[in-house]
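Here is a short report for a reader meeting this structure for the first time. Please look at the sequence and the model, then read on.

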Amino acid sequence: MTIIVFSSTVAHILLSFTVFFLYIRSSHIIVMLSIQKVVLLLDDYHFNEFKNHLKDSNAELPLKLITQIRKDEWEQKESDTLCKSVYGSKDEKNKKKFFQLVHYTFRLTSYLSRNHPCYLHHNVCVIEQHINKGELEKANNVAEILLDIAEKIEDFYTSIAVLKYYAQQAFITENKTQAIKYHQKISEHLKCEHIVNQIYLYMRQNLNFKGKSSLTDKEMHENLNFYDKYRKSETLSIQLLSRFAYCQTLNYLNDSRFYDDETASELDSLTDDLEKNGFVIFSFSDDIQLNVDYLKLKHLIYKLDKDELQKEAASLIKKRESLRFWKNYVNTPEIIYLSIQASYFLTHYCYGYRKDYNENLPKEVKNQIAFYKKRCEEILAKPIWNEGLYVRYINLNNIYCGFLLLGTKDEVKKAVTQLESVLVNFQQIAFQRLYDALFATLMIGYFYLNDQEGIQECYKRYEKLTAGASKNTENDMTIKAIYYTSQWVNTQRKQYVEKLQAIYQKSLENDKLKNTQAFIKDLMEYFDVTLAVK
């Protein structure tokens with residue numbers, strides 16, 4: 001059954017910036033805009049947070065608008081007056097631009113919804129303070145605009161508190177009918193909170209971070225049906241969360257339907273709806289937009305070649321700033337994006353053995369690499385890396401060192417030193433699945449530095465530690481190609497030419513190894529390996 005909580009204005013909030021709240025002062029009726037209400041309801045901390053965000057985003061007109069509203073406080077001006085203060089006049093052309101600005105500025109409150117989802121709730125205390133001072137009219141003015149905005153952004157926690165205030169006020173004033181209506185509405189909002197919690201509960205119980213799912217086929221269908229019945233809910237937070245949970249379940253269980261075109265369309269649609277309705281409240285520290293981005297990337301890994309994948313990952317990592325709670329946690333999707341970037345740039349620009357290689361890199365490529373190096377440094381510097389996160393810490397170090405390999409000789413030395421330190425300091429940690437990636441990075445580093453002893457020792461350790469283990473074919477071929485090439489350069493022995501030729505031929509047999517094939521071919525040509533390159 002579809003749960004209907006709010007009027008249709010909730011689903012169409014973008015069209016309703018002139019909502020129906022009338023602020024009456026000296027018999028003069030003023031229609032308040034939604035953004036006016038929001039600005040009035042912000043305490044100084046949250047207003048400054050929002051203002052600084054607009055400054056940092058170079059959103060000059062939204063900043064001008066909220067500054068003017070804040071300056072007026074409760075001496076509210078009509079929309080025409082606000083229009084004139086922002087645009088200099090209130091003719092039809094500017095009024096059209098003004099209402100577009102109002103629409104846009106309200107959408108920008110998504111910054112508050114994502115980073116400070118309880119940004120309205122302090123107003124419940126404000127209402128209590130007014131009542132205790134005998135200021136009933138002021139209390140009701142605050143309550144009315146607070147309830148309106150809380151319902152729009154689906155802040156049930158706040159809306160329930162306001163409705164309880166109204167219900168008790170109706171009871172005290174002996175308005176039984178109104179009291180009942182308010183309590184019924186409280187029940188509706190509580191039911192919404194319950195459904196949201198049930199969706200989270202289903203996901204947390206069955207979609208664990210570690211281990212395989214214990215879901216049977218029957219249970220999986222039951223879960224999917226549970227999410228699916230809320231797909232068209234008029235409560236946006238329920239609708240969006242249930243759609244995400246459905247896609248996440250398909251992904252976690254590696255269901256073939258996850259890779260269908262229908263799922264791709266749903267993920268695109270979900271992304272658009274989250275962007276359009278960014279003002280809707282979700283649980284604090286639930287970065288649902290990032291989670292959907294991750295699912296899109298997972299789907300694209302299956303569909304796209306590496307060039308297309310790199311472009312998509314670059315777009316995802318730069319298109320929105322991280323939510324601030326991530327300062328305290330490991331942002332796994334972001335690390336995956338960085339890994340894709342490191343893999344791409346190493347695949348396409350991994351030619352540091354060439355003379356003056358770094359100086360000849362395109363400026364745009366250097367800028368991108370510098371951006372990713374800085375981001376890795378910022379994440380590595382966080383005081384969050386406890387024992388349970390060491391494997392991810394090791395992996396991020398390897399990603400970072402991959403970017404360093406694309407820099408100067410000093411940066412290559414730093415990469416080698418840092419990875420050797422990681423191998424020593426974390427030798428008691430089980431991270432065998434990272435060995436081939438770590439040793440590929442180390443081998444490239446030693447090769448760029450022309451450190452023959454380092455290459456030989458690194459190769460021996462690699463062979464010893466990975467004996468009998470499953471290896472990534474691309475990394476394994478890269479390691480062997482570098483070792484055989486360095487041995488050929490130093491000994492001129494035919495056996496290394498033959499071995500290099502053999503892995504080159506093997507790379508030709510797999511279409512997914514085209515980049516590895518190109519790397520081996522370049523090694524053979526640059527170092528004048530004597531057997532013909534076919």
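## Salt bridges

Arg354 and Asp522 form a salt bridge, with their closest N and O atoms 2.5 Å apart. A salt bridge here is a side-chain nitrogen of Lys or Arg within 4 Å of a carboxyl oxygen of Asp or Glu. Arg354 sits in the loop between helix H17 (332-349) and helix H18 (363-380), and Asp522 in helix H25 (residues 514-526), so the pair ties together parts that are 168 residues apart in sequence. Helices (H or I, at least four residues) and strands (E, at least two) are DSSP runs, numbered from the N terminus. Arg354 counts as partly exposed, at 32% relative accessibility. Asp522 is buried, with a relative accessible area of 12%. Buried means under 20% relative accessible area, exposed over 50%, and partly exposed in between (1.4 Å probe, protein chains only).

This is a predicted model: local features need pLDDT of at least 70, side-chain atom pairs count only at pLDDT 80 or more, and totals for chains, interfaces and linings use all residues. Residues are numbered from 1 along each chain as its sequence is written, and side-chain values use heavy atoms, leaving out hydrogens and water.

The whole structure holds 23 salt bridges. Side chains of opposite charge can pair when their charged atoms come close. One of these pairs is Lys185 with Glu151, at 2.9 Å from N to O. Lys185 belongs to helix H11 (residues 176-206) and Glu151 to helix H9 (residues 136-152), so the pair ties together parts that are 34 residues apart in sequence. Lys185 is partly exposed, at 26% relative accessible area, while Glu151 is buried, at 14%.

Another pair is Arg231 with Asp228. Arg231 is partly exposed at 25% relative accessibility, and Asp228 is partly exposed at 34%.

| Salt bridge | Closest N to O |
|---|---|
| Arg354 and Asp522 | 2.5 Å |
| Arg231 and Asp228 | 2.8 Å |

## The chain as a whole

The protein chain has 25 helices and two strands. Of its 534 residues, 51% count as buried. The chain exposes about 27,300 Å², and carbon and sulfur atoms supply 49% of that. These areas come from the Shrake-Rupley method with a 1.4 Å probe; for residues, only the protein chains shown count as cover.

Contact means heavy atoms within 4.5 Å. Among contacts with a separation of 6 or more, residues 24 or more positions apart account for 68%.

How many disulfides does a search of the whole structure find? It finds zero. A disulfide here is a pair of cysteine sulfur atoms within 2.5 Å. Cys83 is buried, with a relative accessible area of 0%. Cys125 is partly exposed, at 41%.

## Helices and their neighbours

H11 has 31 residues and reaches 45 Å from its first C-alpha to its last, close to the 45 Å expected at 1.5 Å a residue. The expected span is 1.5 Å times one less than the number of residues. Its buried residues include Ala179, Tyr182, Ile186 and His189. The buried residues of H11 pack against H9, helix H10 (156-172), helix H12 (217-228) and helix H13 (236-252).

In H21, 13 of the 14 residues are buried, so the helix is largely enclosed by the rest of the structure. Just after H21, Asn450 takes a positive phi of about 55 degrees.

Lys373 lies in helix H18. Is Lys373 buried or exposed? Lys373 counts as buried, at 13% relative accessibility. Not counting residues up to four places away in sequence, Lys373 touches Tyr400, Phe403, Leu404 and Glu411. The C-alpha atoms of Lys373 and Ile399 are separated by 9.0 Å, and the two are 26 residues apart along the chain.

His130 lies in helix H8 (residues 122-132). His130 is buried too, at 17% relative accessibility. Leaving aside neighbours within four places in sequence, His130 is in contact with Glu135, Lys138, Ala139 and Val142.

## Confidence

The mean pLDDT of the protein chain is 86, and 88% of its residues reach 70 or more. Over residues 1-30 the pLDDT is below 50; beyond near neighbours in sequence, this stretch has 73 contacts in the model. The pLDDT is the predictor's confidence in each residue, from 0 to 100. Where pLDDT is low, the predicted coordinates should not be read in detail.
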